[in-house]
Structures are given as structure tokens and as C-alpha cells.
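Hi,

Here is the structure I said I would pass on. Have a look first, and my notes follow below.

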Amino acid sequence: MSKNEANKGAAAAAATGNASAIANAEAAAGATFVSKSPNFKIYLKSPVPVPGANGAVEYKGGVSVQFINHRYSTSDPAIIDGLRKAKSFNVQFQEFKPQPAAAPAA
């Protein structure tokens, strides 16, 4: 599964309100992050300005992450590590760790 497929699957499931589909999409991903704002975007590596044709500046490279409906899921270890090391980690967004289901009372 590509790094964006899990995020798209979770976003599509969230749009339809299907809780089990959301859980399945997030389970397929290596990590899920939750942001305070619904469409939070963070640059893990800034794009570099490069002179283009006719003197126009183009931006090349760079790595960004776009949260959809407050969530971003990925299995890419480089992205996961970058998000965990970001200055806004645990400020603007945090890692989602589901709580284990409680055992039924006997």
C-alpha cells in the first residue's frame, strides 16, 4: 500500500461516516497522526527555489504532509520519523494510539 492510499482510504471512509472502514484503513498504515485543524499541512523538507524559464522561479523537491479531516496515516518510515521529529509534534498534531478494548466484566 502506498503512503497516500491509507490516508485516502481513511478520508473516504470518514466522508461516508463508515467507522469500520476508517479502522481498516488506519490499521493498514504504519502510523496515524491527528491534527488540531482539519486540513493541517506541514513541510518536512522545504522546496528549493530554482530559476525557471523566462526568469520565473519554480520550487522543486520538498516533502509535505496534508492532513484530511484531522488525520494522516502512512506506512513510510521516513515520513513517520519526520513527523515525530517535527517542532509542531504534540503541539499542532500528535500520534494516534488506539486504546485496547476493555475486557468485559465477569
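A quick word on terms before the notes: buried means under 20% relative accessible area, exposed means over 50%, and partly exposed is whatever lies in between, with a 1.4 Å probe and protein chains only. Keep in mind that this is a predicted model, in which local features need pLDDT of at least 70 and side-chain atom pairs count only at pLDDT 80 or more, while totals for chains, interfaces and linings use all residues. Residues are numbered from 1 along each chain as its sequence is written, and side-chain values use heavy atoms, with hydrogens and water left out.

Asparagine 54 has a positive phi, near 60°, without being a glycine. Asparagine 54 sits in the loop between strand E3 (48-51) and strand E4 (57-60); helices (H or I, at least four residues) and strands (E, at least two) are DSSP runs numbered from the N terminus. Asparagine 54 counts as exposed because its relative accessibility is 84%. The other one is asparagine 69, again not a glycine, with a positive phi of about 50°. Its loop runs between strand E5 (63-66) and E6. With a relative accessible area of 38%, asparagine 69 is partly exposed.

Now the sheet. Three strands make an open sheet, ordered E6-E1-E7, with antiparallel pairing; two strands pair if DSSP finds at least two bridges between them. Strand E6 (71-74) and strand E7 (93-96) are the edges, each pairing on one side only. Direction ignored, neighbouring strands here are turned by 25° against each other on average. For angles, axes are lines fitted to C-alpha atoms (for helices, over the stretch in contact), and values run from 0 to 180 degrees between N-to-C directions. E1 and E6 run antiparallel and are joined by four bridges, and alanine 31 has threonine 74 as its bridge partner in E6. H3 packs on this sheet, touching E1, E6 and E7, and its direction makes about 35° with that of E1. Contact, by the way, means heavy atoms within 4.5 Å.

Last, the inside. Leaving aside neighbours within four places in sequence, valine 65 touches Phe40, Lys41, Ile42, Leu44, Tyr72, Ile79 and Leu83.

Cheers
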